Each structure stands twice: as structure tokens, then as C-alpha cells.
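Reader: I'm new to this one and would like to go through it with you. Could you show it to me, so that I can ask as we go?

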Amino acid sequence: MTTRWLTPEEQRAWRAYVAGYLLLEDAIDRQLQQDAGMPHPYYSILANLSESPERRLRMTDLAERLKVTRSRLTYAVSRLEKDGLVRREECRWDKRGSVAVLTDEGMAVLRDAAPGHVATVRSALFDRLTPEQVGQLEDIFTQVARGFQGDGEGETAPEDLPWRRRSSPCSGTP
């Protein structure tokens with residue numbers, strides 16, 4: 001099989017994406033650690049729960065929204081539970097599942113951290129782009145996500161999506 005190497009333009013675009021992504025994630029993580037004492041993934045859990053009816057989501061649905069493995073989500077939710085920001089309840093309609101619920105304390109932490117988070121995202125990303133570039137950014141990453149998840153037109157999403165993966169019993173890590 002012949003390798004399709006990246007063109008010089010693709011290589012520059014790839015490296016620019018990687019550098020931009022890593023720097024943006026670092027800026028967001030630093031801000032959230034300073035303002036809320038938590039990493040970006042934990043903030044994302046709180047934010048997604050806050051946007052859900054009754055501030056609750058089934059764990060598998062939350063994993064899908066966040067694009068993470070169920071085991072990684074379980075670990076993060078356990079940490080947030082210890083801090084009183086989230087609680088888990090049995091799923092009423094599926095006895096095998098559980099539901100993550102944002103507590104009032106979690107909502108207060110989110111409310112306090114949100115202005116700094118939005119300011120960081122705005123200054124680090126959106127203030128650097130034109131409105132046209134914002135639209136292009138959305139189009140590009142919507143297309144990338146569709147390529148992984150299926151196009152919604154009868155194509156089945158791959159079983160290897162993060163939220164559908166199960167931990168390997170032999171891996172030694174969750």
C-alpha cells in the first residue's frame with residue numbers, strides 16, 4: 001500500500017491546527033484551574049448538565065455529548081461527586097444505567113467560573129477571527145465530526161466512537 005503523504009499545504013494546516021488546539025486548551029485549562037479549581041473536561045460536564053432538562057443526563061448520553069469514553073466520564077463524575085458538584089442517581093427507565101445530576105453547589109461553581117471561561121474563549125479564539133472565519137470554523141469541524149460519526153443519512157456511526165468503547169479488561173487502566 002502506498003502512503004498518501006500530506007502535501008506541504010496540508011502539513012502546514014495540520015501543524016497550525018495542532019499548535020492552535022494545544023495552546024487554546026492550555027489557556028482554557030489554566031483559567032479554569034485558577035477560577036474554579038478544575039480542568040476543562042470537568043467544567044464541560046457541569047456546563048452540559050446545566051443545559052439539560054432538570055440539570056440531569058443519562059451517563060451514556062453525557063459521554064456522547066462530551067465525546068469521551070464512559071470510563072473516563074465515570075472517573076470525572078466520581079471526582080465531581082466527591083466535591084458535591086454532581087450526584088448520580090439510578091436511571092428510572094433503565095436499571096443498568098445511571099444519571100448524572102448537577103447539584104445546586106455545582107451550578108453555583110459553574111455560574112462563578114463561566115464569565116472567566118467565556119472571556120478566555122472569546123479573547124483566545126473568537127476575537128482573532130472574522131465573522132466569516134467563525135462560520136468556516138463551524139463548517140470545518142462539523143464536517144470532521146460527521147466523518148467520524150456518520151452523516152445521518154442512513155449511514156451507521158462506527159462502534160469505535162469514544163462513548164461506545166468499553167475499557168479493555170486487561171489494560172489495567174479505566
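Reader: Which residue does arginine 88 meet in a salt bridge?
Author: Keeping in mind that this is a predicted model, the side chain of arginine 88 meets that of glutamate 81 in a salt bridge, with 2.7 Å from N to O.

Reader: Are those two buried or exposed, or something in between?
Author: Arginine 88 counts as partly exposed, at 28% relative accessibility, and glutamate 81 also counts as partly exposed, at 29%.

Reader: And what stands opposite arginine 88 in β3?
Author: That is alanine 100; the strands β2 and β3 pair in the antiparallel sense, over 5 bridges.

Reader: What's the strand order in the sheet, then?
Author: The sheet is open and has 3 strands in the order β1-β3-β2, with antiparallel pairing. Neighbouring strands are turned by 25° against each other on average, if direction is ignored.

Reader: Why is one side of β1 and of β2 left without a neighbour in the sheet?
Author: Because β1 (56-58) and β2 (86-90) stand at the edges and each has a single partner strand, one side of each has no neighbour in the sheet.

Reader: Back to charges: how many salt bridges does the structure hold?
Author: It holds 6 salt bridges. One of them links arginine 87 with glutamate 89, the closest N and O atoms being 3.1 Å apart, and both residues are partly exposed, arginine 87 with a relative accessible area of 37% and glutamate 89 with 25%.

Reader: Which residues are joined with those two into one network?
Author: Salt bridges that share partners bring Glu54, Arg56, Arg87 and Glu89 together in one network. Within it, glutamate 54 forms a salt bridge with arginine 56, where the closest N and O atoms are 3.5 Å apart, and glutamate 54 is exposed, with a relative accessible area of 62%.

Reader: Changing topic, how many residues are in the largest nonpolar core?
Author: The largest nonpolar core has 29 residues, and those with the most contacts inside it are Ile45, Leu46, Leu49, Leu62, Leu73 and Val86.

Reader: Which element gives the largest share of this core?
Author: The largest share comes from α2, with 6 residues. At least two residues each are supplied by α1 (8-36), α2 (40-50), α3 (59-66), α4 (70-82), β3 (98-102) and α5 (104-124).

Reader: What does leucine 46 touch?
Author: Leaving aside residues up to four places away in sequence, leucine 46 touches Met38, Leu80, Leu85, Val86, Leu102, Gly106, Val109 and Leu110.

How values were computed
Residues numbered from 1 in each chain as written. Predicted model: local features only at pLDDT ≥ 70, side-chain atom pairs only at ≥ 80, totals over all residues. Heavy atoms only, no water. Salt bridge = Lys/Arg side-chain N within 4 Å of Asp/Glu carboxyl O. Buried < 20%, exposed > 50% of the residue type's maximum accessible area, 1.4 Å probe, protein only. Core = buried A, V, L, I, M, F, W, Y, C linked by side-chain atoms within 4.5 Å. Helix = DSSP H or I, 4+ residues; strand = E, 2+ residues; numbered from the N terminus. Contact = heavy atoms within 4.5 Å. Pairing = 2+ DSSP bridges. Axes fitted to C-alpha atoms, helices over the stretch in contact; angles between N-to-C directions.
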